[in-house]
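Here is a walk through one protein chain, taken a piece at a time. Keep the viewer open and follow along.

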Amino acid sequence: MVRRTAEPYKIKSVETLAMLSYDERKEALIKAGYNTFLIDSADVYIDLLTDSGTTAMSDAQWGALMTGDEAYAGSKSWKKLEETVREVYGYRYVLPTHQGRGAENILSQLKIKDGDFIPGNMYFTTTRAHQEMNGAKFVDVIIDEAHDPNVNHPFKGNIDLTKLQKVIDDVGAENIPYVCLAVTVNLAGGQPVSMENMKDVYSLCKSNGIDVFLDATRCVENAYFIKEREDGFADKKIAAILKEMLSYSDGCTMSGKKDCLVNIGGFLAMNDEELYIRSRELVVVYEGMPSYGGMAGRDMEAMAIGIREAVDDHYIEHRIQQVRHLGDQLIDAGIPIVLPIGGHAVFLDARKFLPHLKQEDFPAQALAAALYLDSGVRSMERGIISAGRNIETGENNTPKLELVRLTIPRRVYTNNHMNVVVDSIIDLFNKRDEICGLQMDYEPPTLRFFNARFSPLSKSGKLISKENKTMN
Ligand SMILES: *Cc1c(COP(=O)(O)O)cnc(C)c1O
C-alpha cells in the first residue's frame, strides 16, 4: 500500500470561496469575453491562473507584520532580510527591489552594453525584455529536449554546453557579460537544472571570464528536484542543496512572489563589491532607499521569514507532491499533459485534448473557458493567443505548444481542491467532442492574451452542449 500524505500545515484562518451556479458562471464567462484573464476573481472557485504573489502566508509571517520597522533609512526589518538572504542564499551583497523585474532592470542596465549577447536556458518574458531594452540579444542555449512536450528528461532545464560553447566561439566572450541561468525554467513548464549542469556551466563561463547570474525565482523547487533525481543528494537538506546550487553563480535576481513565500517583493544579490556599489545607486533611482527598495518594512519582515520557511524540507516536498497529485491523476485518466510534471504547474496539451479543433479555433483558450464553465476553475491559455502575431507579416504566430496552464499557488489549496480540478477535467475529456472553438471578436495590438475577447464558434453560442450542469 502506498501511504497517502497530507499538507504539512493546519488551517488557522479561512477565506470563503465563491461557488457560482452553472448559469452564473456562464454569465461571468460571457461578460469576460471567454477570456479567463477578464473573469473577476470574486467569480472564481479555484484560481490556478498563476503562482505569482498568490502564496498564503504563515501565522509567523502575519505576526511579524506588526513588527515591521517603517523607518525611511536603516530599517531593522531590512537588516533582518539582508542577513537572511546572506545566510540562506550565501551571496555577499543584497539589495531590495519591489519585485523580480526591478532587480532584472538594474542588473541589465549595469552589465549590458549595446550589441551584447545573453545566453540563457529559455527566456522569461520580463527578464528578456530588460536584456533587450538594454541592447542585448538573447540566445536560447537550453537542451533540445526542453522544446518537446513528450520527452521525459529529469533535468529538462539544463543548458546544452555545446550550444553555449558555440555562442562563445561565434560572438566572443567579451560580448557576453553574463549567462542568465533560470532554476527552474518557468516557460519550459517548471523544469529543473541539475547540480552537475550548474557546475559545468559555471566552470565553462569562468574559464572564459564570463559571469553567471541566476534567475533564482524558483530555486527552492529546483533544489527539491536535485534531491529527488540526482545521485548523492537524497540525504542532503534542501537548504544545503540550495546553497551549493547558488555557489555556482556570481549573483541572482529574485522574485519574492514565488519561492520567498510572500505576495510582493524581490531582491538582487551578488558577490562583486563594485557591482554592488553601482547597483545601490540605481536602486535609489528606481526602487527606493537601499534599506527598503519598494517594500514596506512589514513586507521585509514577512519575506525574511518566508525565505526560511521555503527551505523547510516538509514544505517543499508537499509543494512538489501537490503539483504531482494533480498531474499524476490526469495521466492515469489518459488526459494529455506535458511531461515530466514540473515544479509549479500542470499543462494540458490542448491539441491532443481537442483534436477536432484547428489551432486557428483557439483550442487552448476554448479549453480554459470550458473548464471555468464546468467547475469555476480558472486556468490560463499558453498557445496561439499568447504567441501573438509576427511583427513583419502580421500573421498569427503558430507555436508548437498549444497549452492550458494549471498553476498551483503555494500553501493555498488542499489536495481535495486538486481532486475537484481532476474530476472536472476528466468530465470535460469525456465530452470533449462537444467543446467547440472560439472566434476572436476583439484583438488588442500588444500582449493580446490579457484583454482579447472571444465568442463560441457554434451557432448555438454554447461552448459545451450540456447546459444543465451545476457545480455540486
Ligand atoms: C515571476 C518571474 C519573474 C519576474 O518576477 P516579478 O516579481 O513578477 O517581477 C522572473 N523570472 C521568473 C522565472 C519568474 O517566474
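How many residues of domain 1 are in contact with domain 2, and how many of domain 2 with domain 1? The contact involves 23 residues of domain 1 and 29 residues of domain 2. Bear in mind that what you're looking at is a predicted model. The domain assignment puts 22-51 + 313-456 in domain 1 and 59-310 in domain 2.

Now for the nonpolar packing. The largest nonpolar core has 62 residues, and Tyr89, Met245 and Phe267 are the ones that touch the most other members. This core lies between domain 1 and domain 2, because both of them give residues to it. There's also a second, separate core of 52 residues, with Tyr22, Tyr45, Leu367 and Phe454 among them.

You'll find Ile307 in helix H11, which covers residues 297-310. Is Ile307 buried or exposed? Its relative accessibility is 1%, so Ile307 counts as buried, the cut-off being under 20%. Setting aside neighbours within four places in sequence, Ile307 is in contact with Leu81, Thr84, Val85, Val88, Tyr89, Cys260 and Phe267. Two of those partners, Tyr89 and Phe267, have already come up among the residues that touch the most other members of the largest core. Val220 is 87 residues away from Ile307 in sequence, yet their C-alpha atoms are 9.5 Å apart in space.

On to the empty space. Rolling a probe the size of a water molecule over the atoms shows where such space is left. The second largest pocket has a volume of about 1300 Å³. It is lined by 34 residues, and Ser13, Glu15, Ala56, Arg411 and Val412 are the closest to its centre. Domain 1 and domain 2 each contribute at least three residues to the lining of this pocket, and helix H2 (59-65) and helix H12 (313-332) each supply at least two. Sorted by class, the lining of the second largest pocket comes out as 16 nonpolar, 10 polar and eight charged residues.

The largest cavity has a volume of about 50 Å³. Which elements each supply at least two residues of its lining? They are helix H4 (100-111), helix H5 (125-133), strand E5 (178-182) and strand E6 (211-215). The lining of the largest cavity includes Glu104, Gln131, Tyr178 and Asp215, and by class it divides into five nonpolar, four polar and two charged residues.

Finally, a look at the backbone. Most residues other than glycine have a negative phi, and most peptide bonds are trans. The bond from Val183 to Thr184 is cis, with omega near -10°, and Thr184 sits in the loop between E5 and helix H7 (195-207). The bond from Leu339 to Pro340 is also cis, with omega near -15°; Pro340 belongs to the loop between H12 and strand E9 (345-349).

As for phi, Tyr34 has a positive value of about 55°, while Leu447 has a positive phi near 40°. Tyr34 is in the loop between helix H1 (22-31) and strand E1 (46-47), and is buried, with a relative accessible area of 5%. Leu447 is in the loop between strand E13 (438-442) and helix H17 (448-451), and counts as exposed at 57% relative accessibility.

Conventions. Residues numbered from 1 in each chain as written. Predicted model: local features only at pLDDT ≥ 70, side-chain atom pairs only at ≥ 80, totals over all residues. Heavy atoms only, no water. 1 Å grid on protein atoms, 1.4 Å probe; cavity = no way out; pocket = protein on both sides within 12 Å on 5 of 7 lines; lining within 4 Å. Points joined across faces, edges and corners; volume = space filled by probe spheres on them. Helix = DSSP H or I, 4+ residues; strand = E, 2+ residues; numbered from the N terminus. Nonpolar A, V, L, I, M, F, W, Y, C, P; charged D, E, K, R; others polar. Buried < 20%, exposed > 50% of the residue type's maximum accessible area, 1.4 Å probe, protein only. Contact = heavy atoms within 4.5 Å. Core = buried A, V, L, I, M, F, W, Y, C linked by side-chain atoms within 4.5 Å. Domains from an automatic or database assignment.
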